[in-house]
Structures are given as structure tokens and as C-alpha cells.
Amino acid sequence: VSAARKLSVDVAPAVVGFEPGTATVGAAAGGGGGRSRSSSMRAVVRGAVVPASAASAVREQCCVEQEEFEREAKAKRAAELRALWRALLRAASARHHVRSRYGRSNNDNRSDRD
């Protein structure tokens, strides 16, 4: 849908069926209580309907958007991994500092402290 809108092409969501949904009856509906009822149906939307003359352009735009989404997800994951590595190195550095300054065992050498 977003690809068609970027191209200023008429678009409509493609409803492919219906599935049971959950409707809240009560406080929101003015009845008080907020009970759940599963007798309502909701539309299942998969894709979009566009004019045949614009279908290939919309498909191409969808591919471009998908590639951009994947590129952004990859960059985000790389930034997350850098942050995790940075945290690991900081923790290792702090641990090394504490161990070198205060020793590894319970038999601390008190003369090393300032």
C-alpha cells in the first residue's frame, strides 16, 4: 500500500477473507463491565489492489522498499552488536582492573592499596 501511495497510484487493501475477532462489550460500548465477546468477525487483509497499468511500477517500488528495509535492519543489528561488544570490553576492562588492583583470592596483599 505504501509503495502505491508513493507513486500516487490508486490503491485499495485486498481483503481475502474474515476471521473471528474479539469485540469488547461494556465500558467502551457504554454498558459497563468490559466483557469480551468472540462473536465478531474481522477482515483479513493481504496485499493491495492496484490498476493493471501500474502493477509493474508498484512491484518495483515494493522491491526497492524491501531492500531499504533490509538494509536498515542490517545497520540496526550492526549497531546493536557494536554496543554489545563495547559493553563486553568495558566489563572485561573493569574486571581486569579490579583483579589487578585488589587481587584474585581472599588473601589480599594490603600493601598494594593506596
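Of the contacts in the protein with a separation of 6 or more, 57% are between residues 24 or more positions apart; contact means heavy atoms within 4.5 Å. This is a predicted model, in which local features need pLDDT of at least 70 and side-chain atom pairs count only at pLDDT 80 or more, while totals for chains, interfaces and linings use all residues. Residues are numbered from 1 along each chain as its sequence is written, and side-chain values use heavy atoms, with hydrogens and water left out.

**Overall make-up**

- The protein has 2 helices and 4 strands; helices (H or I, at least four residues) and strands (E, at least two) are DSSP runs, numbered from the N terminus.
- Read from the N terminus on, the order of the elements is α-β-β-β-β-α.
- The protein has 114 residues, and 11% of them are buried; buried means under 20% relative accessible area, exposed over 50%, and partly exposed in between (1.4 Å probe, protein chains only).

- Ser8 sits in the loop that links helix H1 (2–6) to strand E1 (12–20).
- Ser8 is not a glycine, yet its phi is positive, at about 60°.
- Ser8 counts as exposed because its relative accessibility is 67%.

**Strand E1**

- Gly17 belongs to strand E1 and counts as partly exposed because its relative accessibility is 22%.
- Gly17 and Val44 are 27 residues apart along the chain, and their C-alpha atoms are 5.2 Å apart.
- With residues up to four places away in sequence not counted, Gly17 touches Arg42, Ala43 and Val44.

**Helix H2**

- Glu65 lies in helix H2 and is buried, because its relative accessible area is 18%.
- Apart from neighbours within four places in sequence, Glu65 is in contact with Ser2, Ala3 and Lys6.
- Leu89 is also placed in helix H2, which covers residues 55–102. Leu89 counts as exposed because its relative accessibility is 54%.
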